[in-house]
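Open your viewer and switch to a cartoon view.

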2 protein chains.
Amino acid sequence: MKSKNSSHPDDSAPPRTLTLQPVAIDTYHENVAYLHRDCEIYRAEGFQALSRIQVDNGESSILTVLNVVDGNEIIRPGQLGLSEQAFRQLGLPAGHAVHISHAEPPSSMQAVRRKISGHNLSRQDYLDICRDISSNRYSKMEMAAFLVACGQSGLERNEVLYLTEAMLATGDRLSWNAELVADKHCIGGIPGNRTSMIVVPIIAAHGMLIPKTSSRAITSPSGTADTMEVLAQVTLPVDELRQIVEQERGCIAWGGTAKLAPVDDRLISVERPLAIDSDGQMVASILSKKLAAGSTNLLIDIPVGPSAKVHNLDQALRLRKLFEFVGDKLGLHLEVMFSDGRQPVGRGIGPVLEARDVMQVLESHPDAPNDLRQKSLILAGRILEFDPDVRGGQGYVIARDILDSGRALKKMHAFIQQQGKQLQAFSPGKLTREILADMDGYITHIDNLQLSRIARIAGAPMDKGAGVDLYKKLGESVVAGEPVYCIFAEFQSDFQFATNMSLDNCGITIGETAADTPGFME
Amino acid sequence: MKSKNSSHPDDSAPPRTLTLQPVAIDTYHENVAYLHRDCEIYRAEGFQALSRIQVDNGESSILTVLNVVDGNEIIRPGQLGLSEQAFRQLGLPAGHAVHISHAEPPSSMQAVRRKISGHNLSRQDYLDICRDISSNRYSKMEMAAFLVACGQSGLERNEVLYLTEAMLATGDRLSWNAELVADKHCIGGIPGNRTSMIVVPIIAAHGMLIPKTSSRAITSPSGTADTMEVLAQVTLPVDELRQIVEQERGCIAWGGTAKLAPVDDRLISVERPLAIDSDGQMVASILSKKLAAGSTNLLIDIPVGPSAKVHNLDQALRLRKLFEFVGDKLGLHLEVMFSDGRQPVGRGIGPVLEARDVMQVLESHPDAPNDLRQKSLILAGRILEFDPDVRGGQGYVIARDILDSGRALKKMHAFIQQQGKQLQAFSPGKLTREILADMDGYITHIDNLQLSRIARIAGAPMDKGAGVDLYKKLGESVVAGEPVYCIFAEFQSDFQFATNMSLDNCGITIGETAADTPGFME
């Protein structure tokens, strides 16, 4: 339609321009803008605390949540404050003129609402959603809506593929100039279980490329990066990582320095506090990270057990098919292994205690936990068989040879040397309490989740020495008063919380006969 | 299990106590705590920005999100800053000693996760969820998860009942010492449509009790409270409201001063930005608010039209049954009316323009919009028939008599007098632009959503004079160049945005014959 303009210039309009001011507050993944309550623009525009606004100077722009400021200590009327990340993201100097306006919700939220109504989304929808997330256009609420919608109606396997592709497309991608880049991943949920720190040295000692970028713990008592950090530096720039890998055929570093599938990190920061989990999200998350890291051949370990993430064979098979479908479509050579997830692997739970287990295995120490050794050898064997020159079924023997000959230990020392030896000497927590069996019998059940909780409350992974050292495993006999595990902590209050939690529910069940212990996948 | 303690007291533990410090930042419904990055407790405890922490002094405690502060301007190491609302909520003086700890997710999130998996929840589940929300234990993310879960798998009608009960149980409840307390509610979505401001004076003039607590606009260009505010004070303490209602049998005030169903307000603050909507949430929201306000007899208006909230008769019927089911179970006498939602009701959209329409109807002004008059009379008639002394079918005639005799106008003046006359004189926005028909023909379609958007962008409801004045309604003839509506704004930039939006899509369709106009519910 046409229009007939009968407006007169408006003299009383408030100034639309504000002066940019950094505010020394770290709001993590959430951009926050601070506007003074007496600012004319605030009153005229009808902004409301927590509403979403766009900040721009005509060229760059960011989306933020609004906080309203009183008093004159933080900012003054006429200024626009930005939290640390938001200020960096906008990239303008303090004092620069900026405009603010109401932010429309990201347009891809329409697709999210279709997903909420139960529809399947297209490849383009997932790409739009991931682009909007990666450019900070989604609030935490909006990400939660997306995740719940995906989790509830479930994702068709094609949708898992699209989501994986979209997460991959919205981040960096490493390439290693090698035909075969091996990797392994465990879907998690089992305390201890530090196989990567044994598998990677074995594979690299064999000469296969395995640039392992691992994660820090988010809800567990320790991630591979946290445990490796007891021995060596793990936060390395990508270039340095590349040099080490070129020389040593591997590394065990933290994956966070490269911007691999950053949308995945955003989604995880919402998924974890909500404790929502779906197969589709998990597969997309793992495979996008691995493909972004440049892996060509991937072994996935799915532990199965009553207190593992996957409880039974049916679930495990469904998950395997989904991994295979997406992996095949994206040209990733992928194999899935089911492992015994009925109890922790190794004895230590928490960075220092786990690092001790790992080194004992590498050093063929007589006290080395055999389950950790065996599982690592099986995994390493399967990965070695990615090598066309290795005959099917021979991987295990080769892996054992590399381990027993000390070549894996030597490789680990090379990694530590190259990545930089940890300068701080960590030791198990000074505060200790042994938890005692209250009857004669056999260990029939170990609750992975409860032991993880106790180790975390004790301070792991932040306090490297905190955690749980498990003396008894499934099927072993105990007598009343015999210690079954020991809690380690650094600080009194953590120690108190952890022991109280353990006294309330120690996570270990003792039965009268060893036959009460359920077998693996029974 | 028992335990053997072999700990020694720990001398090096950081002090666990922080000094409380208010921070002059308004974070609305979200509690934020500020902790200095150099604070020992921050480093030792492994807190992370945006993680959730509990703040307590042994007696009172609150849950907050954590922001990490650098520099020494906002707070110093050893202090714990709290945003304005959080500080008030904790209720301790500045300088008081407080402890912080990691906050566990609220236990009712387990029920939310069951809902995400598609299960129905129990009465107790809904009560637990509403209690946790009302005591600020839910983050916005968690509320979003709850809302999406309810919206996606849908709520069984029993669940809608439980949710309504739970929202009612977690707030205050007014009581009016009267057998019949009438109320009306429109589910919204139709611009203009200020029938309450005509219906309430008619009903109160008849002598029936109608203490109308109405809302402000959240996503619309004006709520009844915003429009009434052009004429009178609407923010009144509950006691004052009660006095006015006692004397005048009614009022038209903002409902926000009483704590009626506060959980509903929290949920709405998440629902609206996400633009997710479900029948179950809507019914629980409306009925909990009305029951909390002490209503015994309620008329619900469901406008039906292509750009209304409810698009067709099927949807309208389903919604009616749900209202009836929950209303009956909770002892509310409830009637539902379907109305024509194909276009705005009245001419004005925005507070000042709507108030003008309302006063014209009350004053029987020759220019008074007839559709607003007719709809108000029909609604008022139905409400009057709640009175056992009014014969079925006679309500309309009585309502018309009250309106035409000037008694409704007199009652409105009494409300204004009692609530307090608005001291500020509002007038339509100074900046105006008429939107012209680009062909000869008939108005065949009016897009409620687009007109609402234009009025909001023009500044409504914050700028009282901003909005849209609609000259032509469905079926009316126009000639090319004739104005169809006029945009009003107070500020240049809003004005520009609104006219641009209108030039892009004016929201009005002109057809060649009047027969192209779809009928109501066709």
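Predicted model: local features only at pLDDT ≥ 70, side-chain atom pairs only at ≥ 80, totals over all residues.

Residues are numbered from 1 along each chain as its sequence is written, chains are lettered from A and ligands numbered from 1 in the order in which they are written, and side-chain values use heavy atoms, leaving out hydrogens and water.

**Stop 1: the second largest pocket**

Select B:Gly151, B:Gln152, B:Asp277, B:Ser278 and B:Asp279. Of the 23 residues lining the second largest pocket, these lie nearest its centre. A pocket here is an open set of points on a 1 Å grid over the protein atoms alone, where a 1.4 Å probe fits, with protein on both sides within 12 Å along at least five of seven lines; lining residues have an atom within 4 Å of a point. The volume is about 400 Å³, taken as the space filled by probe spheres set on the points, with grid points joined across faces, edges and corners.

Helices (H or I, at least four residues) and strands (E, at least two) are DSSP runs, numbered from the N terminus. The largest share, 4 residues, comes from α5(B).

**Stop 2: helix α9 of chain B**

Select residues 238–248 of chain B. B:Leu241, B:Ile244, B:Val245 and B:Glu248 are buried. They sit on the same side of α9(B), because they cover an arc of only 100° around the axis; the arc is that of the directions from the helix axis to the C-beta atoms. Buried means under 20% relative accessible area, exposed over 50%, and partly exposed in between (1.4 Å probe, protein chains only).

Turn to the other side: B:Asp239, B:Gln243, B:Glu246 and B:Gln247 are exposed. The buried residues pack against α7, β10 (210–214), β11 (250–254) and α16 (407–419) of chain B (contact means heavy atoms within 4.5 Å).

**Stop 3**

Step on to B:Arg249, which follows α9(B) and has a positive phi, near 70°. Most residues other than glycine have a negative phi, and most peptide bonds are trans.

Next, B:Asn193: its phi is positive, about 55°, and the residue is buried at 7%. In chain A, A:Asn177 has phi near 55°, but A:Asn177 is exposed at 82%.

Finish at A:Pro461. The peptide bond from A:Ala460 is cis, with omega near 5°.
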